[in-house]
Amino acid sequence: MVLVTALVMAVPSALGQVNIGAGYSGTSMNPSIGDNRWYNGFNVSVGYNIPLGLGFEFMPSIEYHYLTRQEDGVFEIGGASLTVENRFNEHYLNIPLLFDYGYEITPNARIFIFAGPTASFGLYAGCTSKLDASIVAGLGLEEKQTTALWGKDSDYRRWDVRIGGGIGIDICRHWRILAGYDYGLINRTKVDDLKLHHHNLKAGLTYIF
């Protein structure tokens, strides 16, 4: 009985530890034709650290990923001044399946490198366009419209599979600081003779229970 109790108590420790994290996300959308576009955002995640032995660890997690970018333009047409604001917002559910290898510098500090794939599914993407027109005579016009970027006839794909890696450090066995880079393997556009890949930078802080 004592042996069984000891084994049951040891299972959670042997399998791993739950963690929660949050941090900054930045994405460069690189088309084969045209300029790169940079999105800023953040991520929050819930995951698990599973020791594999010999310094290796498996780090599966579920992550919410938010990205945004704004483009502004001012045009003068006749006596009218036109201001156009376009704000793009994208929401993703990511599943990183990462492996790390680390070394304990001190009993309270472990440095590691990590790598692995991430499956990414788009939850929603939209563009909110705002048009302000001011006329010299004092008249004005304001219009605002939101358009979904993912739909039945959209040329923008929701799915992506990324591969990447990075570095990190564990402090006092509970705090984890990491920074990484991912490259999107899927061509995100359906437009002929055009390719669009996402390049992602991420840095954040994780608490390990």
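Trainee: Is Y183 buried, exposed or partly exposed?
Mentor: Buried means under 20% relative accessible area, exposed over 50%, and partly exposed in between (1.4 Å probe, protein chains only). Y183 has a relative accessible area of 30%, so Y183 is partly exposed. You'll find Y183 in strand β8; strands here are DSSP runs of E, at least two residues, numbered from the N terminus.

Before going on, some ground rules. This is a predicted model, where local features need pLDDT of at least 70, side-chain atom pairs count only at pLDDT 80 or more, and totals for chains, interfaces and linings use all residues. Residues are numbered from 1 along each chain as its sequence is written, and side-chain values use heavy atoms, with hydrogens and water left out.

Trainee: And where does R110 lie?
Mentor: R110 sits in strand β5, residues 109-135. With a relative accessible area of 15%, R110 is buried.

Trainee: Which side chain does R110 join in a polar contact of 2.7 Å?
Mentor: A polar contact is a pair of N or O atoms within 3.5 Å; within protein, one must be able to donate a hydrogen and the other to accept it, and residues adjacent in sequence count only if both atoms are side-chain atoms. Here the partner is the side chain of D100. A polar atom of the R110 side chain also lies 3.4 Å from the backbone oxygen of G55.

Trainee: How confident is the predictor?
Mentor: pLDDT is its confidence in each residue, from 0 to 100. The chain averages 86, and 84% of the residues score at least 70.

Note on methods:
Helices (H or I, at least four residues) and strands (E, at least two) are DSSP runs, numbered from the N terminus.
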